[in-house]
Amino acid sequence: MVTTLKFRNNDEMPILGLGTFRSEPNEVYNAVFFAIKMGYRHIDCAAAYGNEKEVGKAIAEAIKQGLVTREDLWVTSKLWNASHGEENVIPALHQTLEDLQLNYLDLYLIHWPVALKKGTEMPERASDFVPLSEVPLTNTWKGMEAALEEGLTKHIGVSNFNENHLKEIMATAVHQPEMNQVEIHPFLQQEALQSFCVQNDILLTAYAPLGSLVDENSTLRLLENDTIKTIAEARHMSPAQVALAYTMQRGIAVIPKSINEARLLQNLETLNHTLTEEDMAMLKDLDQEHRFIDGKFWEVDNGPYTADSIWNA
Ligand SMILES: NC(=O)c1ccc[n+]([C@@H]2O[C@H](COP(=O)([O-])OP(=O)(O)OC[C@H]3O[C@@H](n4cnc5c(N)ncnc54)[C@H](OP(=O)(O)O)[C@@H]3O)[C@@H](O)[C@H]2O)c1
């Protein structure tokens, strides 16, 4: 199994990282500390997760105890939607760096191609949004490029961008985006987006690589799928390991979230397994373009964004 993805300057990002979304501040400290102790070297964060201070404390403690150095770690964070616009990027990144107790990030991403009024956490009404016609993605990208040039982050990229969003910023970029972080798992394989990214030297990170378990009412459960369970049994793996291995063997990074020590270890140990070509072919057939994180939370009455416009326009 390949264990890193290579950036254009040959920097290597561990292909398996730790997700921190919906990890409560009191839980995330232990999760990050134990993860580093057991060998994780890549942590996926975001200002919007409301827990970067605790993530930062855990990283600082791990460094203090000599478990790792800053250079051993790959830390990603994301610009929240309320900080779109060239002039807002560096101040937002400074806050994230302060919270994480770091002086640089390895990778900084625009979290969504959706802009919100300053100070908005989650929008409730149309007036909480700013349309992209008023704050174009190309303008926000200039702020990302400035952050890169100041050395506040080693790489820049985007998240939840479709092919057209990428083309829009690529047309005028001085520094091209190097990463697109999107939902990917066996039920949502994003093959067309992957081909576009491969052609344009953009790496992919899969969020919700285990199916997120966010929608408790959903009858569709990735880890309970029969094909995944059958392969798991045959290969002495868990269903989660099969899901993670499949995506990694497609050349895509994964950032499974867990706050449970046994599951953190299980996810990391996926790197010790390899699926066969036959397994890969069976898993390829599971694609059903199913999004667990459907983007409908950006839809409000008379608002400027719809899930369809985000994924497809
Ligand atoms: N860019 C974006 O817009 C975006 C959106 C969503 C997520 N993300 C990033 O991607 C990361 C992962 O996505 P996610 O957190 O939505 O979902 P996920 O990693 O697919 O699934 C997390 C869920 O799976 C459980 N789990 C973890 N390991 C397991 C295992 N081995 N067996 C069974 N269950 C297991 C976790 O519970 P326990 O904690 O109890 O183990 C949690 O409920 C996030 O944490 C975040 O960093 C980014």
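Q: Why are helices α2 and α3 called oblique to each other?
A: In this predicted model, the axes of helix α2 (residues 52-64) and helix α3 (residues 86-100) cross at roughly 45 degrees and come within 6 Å. The axes are lines fitted to C-alpha atoms, for helices over the stretch in contact, and angles run from 0 to 180 degrees between N-to-C directions. Angles under 35 degrees count as roughly parallel, those over 145 as roughly antiparallel, those from 65 to 115 as roughly perpendicular, and the rest as oblique. The crossing at roughly 45 degrees falls among the rest, and α2 and α3 are therefore oblique to each other.

Q: Which residues make the contact of α2 with α3?
A: E52, K53, V55 and G56 of α2 meet T96, D99 and L100 of α3, where contact means heavy atoms within 4.5 Å. By class, there are 2 nonpolar, 2 polar and 3 charged residues in this contact, with Ala, Val, Leu, Ile, Met, Phe, Trp, Tyr, Cys and Pro counted as nonpolar, Asp, Glu, Lys and Arg as charged, and the others, Gly among them, as polar.

Q: How do you know which strands are the edge strands?
A: The open sheet has 8 strands in the order β3-β4-β5-β6-β9-β10-β11-β12, with parallel pairing, and two strands pair if DSSP finds at least two bridges between them. β3 (18-19) and β12 (253-254) each pair on one side only, as edge strands. β3 and β4 (residues 42-44) pair over 2 bridges in the parallel sense. Helices (H or I, at least four residues) and strands (E, at least two) are DSSP runs, numbered from the N terminus.

Q: Why does H111 count as buried?
A: Buried means under 20% relative accessible area, exposed over 50%, and partly exposed in between (1.4 Å probe, protein chains only); H111, at 7%, therefore counts as buried. H111 lies in the loop between β6 and β7 (115-116), and among the residues that H111 touches are A46, Y49, W80 and N160. The UniProt annotation "binding site", from an unreviewed entry, covers H111, though annotations may be inferred rather than shown by experiment.

Q: What makes S133 count as exposed?
A: S133, in the loop between β8 (129-130) and α4 (137-149), has 68% relative accessibility and so counts as exposed.

Q: How are the residues numbered, and which atoms do side-chain values use?
A: Residues are numbered from 1 along each chain as its sequence is written, and side-chain values use heavy atoms, leaving out hydrogens and water. As the model is predicted, local features need pLDDT of at least 70 and side-chain atom pairs count only at pLDDT 80 or more, while totals for chains, interfaces and linings use all residues.

Definitions and conventions:
Lists of a residue's contacts leave out its neighbours within four places in sequence.
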